[in-house]
Amino acid sequence: MVATDATRLTTVDELPENGSFLFTIRERDGSEVEVILVNGGDCISAWRNFCQHETDQRLDRGFGAVMRDGEIVCPKHGSMFDACSGHCDNGKAKGSTLLSVDVTVEDDDIYLTDRTCDFLHEGGIEDEDDDDDGMPSSSSHLTF
Ligand code: FES
């Protein structure tokens, strides 16, 4: 039984089998982190949205993670992570495991049930504040 204050993320029906549902959480240390919710065929699971080979590489870059036969494919070097266990046994990320976020399926609904973080919003981090980071845009790529 899911706690009454658990956040309902989406439904199993709405979760694409090829792709992911992207949302943002706040960790206990205050940092914001993106999470992907995926349908691995035999499981519904959620993972912090970065590769274990290069942690600045997002798995879902804003238009859904690439999924193949129940595995999440890293868009940079192509390592594949088991969508149910998060483990990778191939390529550059071989031997690593994605960082999980607890979710629970009840009936057709999927809830965030991880007590180590709080739900912030649907979508990725940039979706909230665009590129309004107070920095001057650097578009000065001069070529001669
Ligand atoms: S950054 Fe993901 S496999 Fe290299």
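Glu-106 is found in strand S9 (helices, H or I, of at least four residues and strands, E, of at least two are DSSP runs numbered from the N terminus). The model is predicted: local features need pLDDT of at least 70, side-chain atom pairs count only at pLDDT 80 or more, and totals for chains, interfaces and linings use all residues. Residues are numbered from 1 along each chain as its sequence is written, and side-chain values use heavy atoms, with hydrogens and water left out.

Glu-106 has a relative accessible area of 25% and is therefore partly exposed. The classes are buried, under 20% relative accessible area, exposed, over 50%, and partly exposed in between (1.4 Å probe, protein chains only). Leaving aside neighbours within four places in sequence, Glu-106 is in contact with Met-1, Val-2 and Tyr-111 (contact means heavy atoms within 4.5 Å). Met-1 and Glu-106 are 105 residues apart in sequence. Their C-alpha atoms are 7.6 Å apart in space.

Strand S9 (residues 103-106) runs antiparallel to S10, and four bridges join the two. Two strands are taken to pair if DSSP finds at least two bridges between them. Glu-106 stands opposite Asp-109 in S10. The two strands form a hairpin with two residues between them. In the turn, Asp-107 has a positive phi of about 55°. S10 (residues 109-112) also pairs with strand S1 (residues 7-11), in the antiparallel sense, over four bridges. Here Thr-10 stands opposite Ile-110.

A further set of strands forms an open sheet. Its five members follow the order S8-S4-S3-S2-S11, with antiparallel pairing. Strand S8 (100-101) and strand S11 (117-122) stand at the edges; each has a single partner strand, so one side of each is left without a neighbour in the sheet. Strands of a sheet pair through backbone hydrogen bonds, either parallel or antiparallel. Within this sheet, S3 (residues 32-39) and S4 pair in the antiparallel sense over five bridges. Asn-39 stands opposite Ile-44 in S4.

One disulfide is counted, under the rule that a pair of cysteine sulfur atoms lies within 2.5 Å. The disulfide joins Cys-43 to Cys-84, with an S to S distance of 2.1 Å. The link is left-handed, with -95° about the S-S bond. Distant parts of the chain are connected by this pair, 41 residues apart. Cys-43 lies in the loop between S3 and S4. Cys-84 lies in the loop between strand S7 (80-82) and S8. Cys-43 counts as buried, at 16% relative accessibility. Cys-84, at 34%, counts as partly exposed.

A cavity is a set of points where a 1.4 Å probe fits but cannot get out. A pocket is an open set with protein on both sides within 12 Å along at least five of seven lines. Lining residues have an atom within 4 Å of a point. Grid points are joined across faces, edges and corners, and a volume is the space filled by probe spheres set on the points.

The largest pocket holds about 160 Å³ of space. Its lining consists of Asp-5, Ala-6, Thr-7, Arg-28, Leu-112, Thr-113, Asp-114, Arg-115, Cys-117, Asp-118 and Phe-119. S11 supplies the largest share of this lining, three residues. By class, four lining residues are nonpolar, two polar and five charged. In this scheme Ala, Val, Leu, Ile, Met, Phe, Trp, Tyr, Cys and Pro count as nonpolar, Asp, Glu, Lys and Arg as charged, and the others, Gly among them, as polar. Cys-117 is buried, with a relative accessible area of 4%.

One cavity of 30 Å³ or more is counted. The largest cavity has a volume of about 40 Å³. Cys-51, His-53, Glu-54, Gln-57, Cys-74, Lys-76, His-77 and Ser-79 line the largest cavity. Two of the lining residues are nonpolar, four polar and two charged. Cys-51 counts as buried, at 2% relative accessibility.

Gln-57 lies in the loop between strand S4 (44-48) and strand S5 (66-68). With 15% relative accessibility, Gln-57 counts as buried. Not counting residues up to four places away in sequence, Gln-57 touches Asn-49, Phe-50, Cys-51, Cys-74, Pro-75 and Lys-76. Cys-51, Cys-74 and Lys-76 are also among the residues that line the largest cavity.
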